[in-house]
Each structure stands twice: as C-alpha cells, then as structure tokens.
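Please keep the sequence and coordinates at hand while reading.

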Amino acid sequence: MLNPLQFKPAKPIPYGRQTLGAEELDAVMAVLRSDYLTQGPAIEQFEKAVADYCQVPYAVAFSSGTAALHAACHAAGLGTGNEAITTPITFVATANAVLYQNATPVFADIDPATWNLDPQKAAEKISPNTKALMPVHFAGQPVDLDAFYTLADQHDLVVIEDACHALGAEYHGKPIGHCRDMAVFSFHPVKSITTGEGGMVVTPHRHYYEKLLQFRTHGITKDSRTFTAFEGAPWEYEMQDLGYNYRMTDIQAALGVAQMHKLDDFIQRRTQLVTRYREAFTDLPAIRCQSPMPDTHSGHHLYAILLDANHCNLMRRAVFEKLVEADIRPQVHYIPVHLQPYYQQHLGTKPGDYLFAEEYYAHCLSLPLYPTLSDEEQDYVIETLRNLLG
C-alpha cells in the first residue's frame, strides 16, 4: 500500500464514472452518419443484446431508468387504489414511479446485513390493495428473489425488480434480469454500462412487452391487427392508451451495444476492486461491509461501507469532508426516501418508521468504484481512509 503523502491524484477521484473507448466513439459516429438518429435499427440491436444477456425473450429500451420504472409500473397495471411495496434505501425514482401511476408506494425495512428489502418485513406490509413488490438489488447485490417470488405467488402479486444497480449480477447461477415478471435496468454513466441516460425493461412475457412498447411511444400502435377505429391504411396508427415519449435514441443504443461487449470485463474489474477493498479493511473494526447472500454474485455498482461509531473517532460528515479535502469524492447512497419532505407531507412518513434503514443511512459512505480506477488510486483511497479511522 502507498502512504498518501507519497501519491497525489492528478485530479479528484470520483465515486463512479463511465468507461468509454474507441469502440463507443466509432459506434456513435456510425449512427451520426446513418439515416436514423432515433427509432432506427440500433434500438432493436441493443434490446436484443440485453435480452440475450439476461436470457429472456423481450427487452424494451427507454430514455432513462426512471422512465423504465414508470413503464413497468404501468405494464403491471398499477393505478388508483393500488399499492407497491419497496425499500426506503433506494433513489427516489423507485417510489416516484409508483406515484406516477396514482398508486401508493409502501415502504418496508431493510435487512441489516444485506441492506436490501427484507422479505419478511415486506410480507407484513401486504394488504388487499397490494398489487406489486418492488425489491431493489441495492449496490448490485441481488435480493432474496426466491422469497419475493414465493410471496408474489401466495398473494397474486407482480414482481418488478429494480435492477438499476445490478446488470451483470447473478442469482443462483442465473443473470439478474432472468426474471419472473419484469426487471428494470439503468444506463446512467456510473452504472455497469452507460448510454449517457437510458433504461431497459426485460421480461419473459409477451403481454408486458406489448404494453411497454406502446407506453414508450404515446400509447400508439401501428399494428393494424389491433385497430379498433381505423381500417389499417398504410399511414394509419391508433393511440389506444395514454403513453409518453420515453424513446431512447439510436445514438444512445449504439453506445449501449458497444458497452455490452465489455460488460463482463467491467464486472470482473469491479469485483477485483471490491476484493481489494474488503481485504484492506478486514482488520479495521471501524468499517462494516455489505454481506452477500449465498449463491449470488453482485454487480458491484457501488462500494458502500458503514462507519461503526463505536470504533471511529470521527463522525461520518467529518470523514466525508476530509476525503474531499484529499481529492477523493465519496457519496452517500441513499437518504431514505421516507425522510424526503415530499413523502412526509403527502404520505405521512416520518423519522423512526424504518429503524434499520435509518441506522444504515446514519453511517453509510460510498467509496470510489469504477473499472478504470487504478490500483494506485485505490491504494490512495484505502490509505487515506485508514489514516482517518485507524
């Protein structure tokens, strides 16, 4: 390991960033020179690449992960009077997507070891109004899918997996995305792969696939076999539902296709970096790491740690600020959704509702993790943190 005094990063080390090369530039330039900037062949190529990777027949690309979550909630039939159970430790988009459908997100507490939605806590929140379960594969660590699928079977619920952190992860030897109902991915620059902004819903079911396709294009279909008002002239289309313009561009999709070729290498490097972090902090009681579930492999989107106040002289904010002073840019994932002012005002949530989630939030910190993070840079992060906590 390096002593921080012997190494200084040339520029601040972020918690995450995109990894792009000549292949991505070539792919984007090819689209810019083509006839289609949107609604062209690159969309289906990207969808097929993701569907094949996840071992499912259908995938639908969207303009963002949030749009994809919204579309999945629509396809699941969420509406007024319905509830969907999810975790408070997620980005607000997970719960917001339920609200967009005039349904109600219901939170359940997390497992204190995995930091994922606890299936038993979720079961306690099931009511006659519950229509969907929305577990989040937090930081790329798969949730206990068997438990959630069992709950869904028992109560006739739809499972929408928020897999925005988890492309490239595995559960019992199958890729995350090899799902019961639907799984949602995000392609924001800090995710496993990027399209700039973008998202995807994968599903094994044709009926969800058709609803998703229609929803992302204003609720419009050009399939004359389904027309109810027009005769099927070549120029005709029907708006059969209220949808949105949630389309991904071919520019984004071409970038995504190029990134998919590198996904396994990205996951391998992320795993190497996580292993180095874990080994470096083994003897440091001030740090606690996420506990993996048996027979799973994380996508390692984030490397979050908990700072144990019983073994640490500094509060989390002081550690955060001192890392920033050292040109390291950590992050906190996440402020529990139920503590956000909107949710407190409109859903009546309040501090103290989900104690494990709030305890996690009080001590969590995300360290830099991305494929191009060098060993030297990571050593600098490790030694800086050890000097602060040791």
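This is a predicted model: local features need pLDDT of at least 70, side-chain atom pairs count only at pLDDT 80 or more; totals for chains, interfaces and linings use all residues.

If neighbours within four places in sequence are set aside, the contacts of Val 202 include Val 50, Val 56, Tyr 58, Ala 59, Met 182, Ala 183 and Phe 185.

## The seven-stranded sheet

Seven strands form an open sheet with mixed pairing, in the order E1-E9-E8-E5-E4-E2-E3. Because E1 and strand E3 (104-107) each have a single partner strand, they stand at the edges, and one side of each is left without a neighbour in the sheet. From one strand to the next, the twist averages 25°.

Strand E5 (residues 158-162) pairs with E8 in the parallel sense over three bridges, and Glu 161 stands opposite Ala 183 in E8. Helix H2 packs on the sheet and touches E1, E8 and E9, its direction making about 130° with that of E1. Helix H7 (residues 206-215) also packs on the sheet, touching E1, E5, E8 and E9, with its direction at about 20° to that of E1.

## The buried side of helix H12

Within helix H12 (residues 355-363), Ala 357, Glu 358 and Tyr 360 are buried. These residues cover an arc of only 160° around the axis, and therefore lie on the same side of H12. The buried residues of H12 pack against strand E14 (303-307) and strand E15 (364-367).

## Aromatic pairs

The structure holds 15 aromatic pairs. In one of them, the rings of Phe 215 and Tyr 244 have centres 5.3 Å apart and planes at 55°, so the pair is tilted. This pair links distant parts of the chain, since Phe 215 in helix H7 and Tyr 244 in the loop between strand E11 (238-239) and H8 are 29 residues apart. Phe 215 is buried, with a relative accessible area of 2%, whereas Tyr 244 is partly exposed at 34%.

For Tyr 342 and Tyr 343, the ring centres are 5.8 Å apart and the planes stand at 70°, so the pair is edge-to-face. Tyr 342 counts as partly exposed at 44% relative accessibility, while Tyr 343, at 2%, counts as buried. Ring pairs also join Phe 91, Trp 115, Phe 138, Tyr 334 and Tyr 360 into a cluster.

Key: Residues are numbered from 1 along each chain as its sequence is written. Side-chain values use heavy atoms; hydrogens and water are left out. Contact means heavy atoms within 4.5 Å. Two strands pair if DSSP finds at least two bridges between them. Helices (H or I, at least four residues) and strands (E, at least two) are DSSP runs, numbered from the N terminus. Axes are lines fitted to C-alpha atoms, for helices over the stretch in contact, and angles run from 0 to 180 degrees between N-to-C directions. Buried means under 20% relative accessible area, exposed over 50%, partly exposed in between (1.4 Å probe, protein chains only). The arc is that of the directions from the helix axis to the C-beta atoms. Rings of Phe, Tyr and Trp (its six-membered ring) pair if their centres lie within 6.5 Å; planes under 30 degrees apart count as stacked, over 60 as edge-to-face and the rest as tilted.
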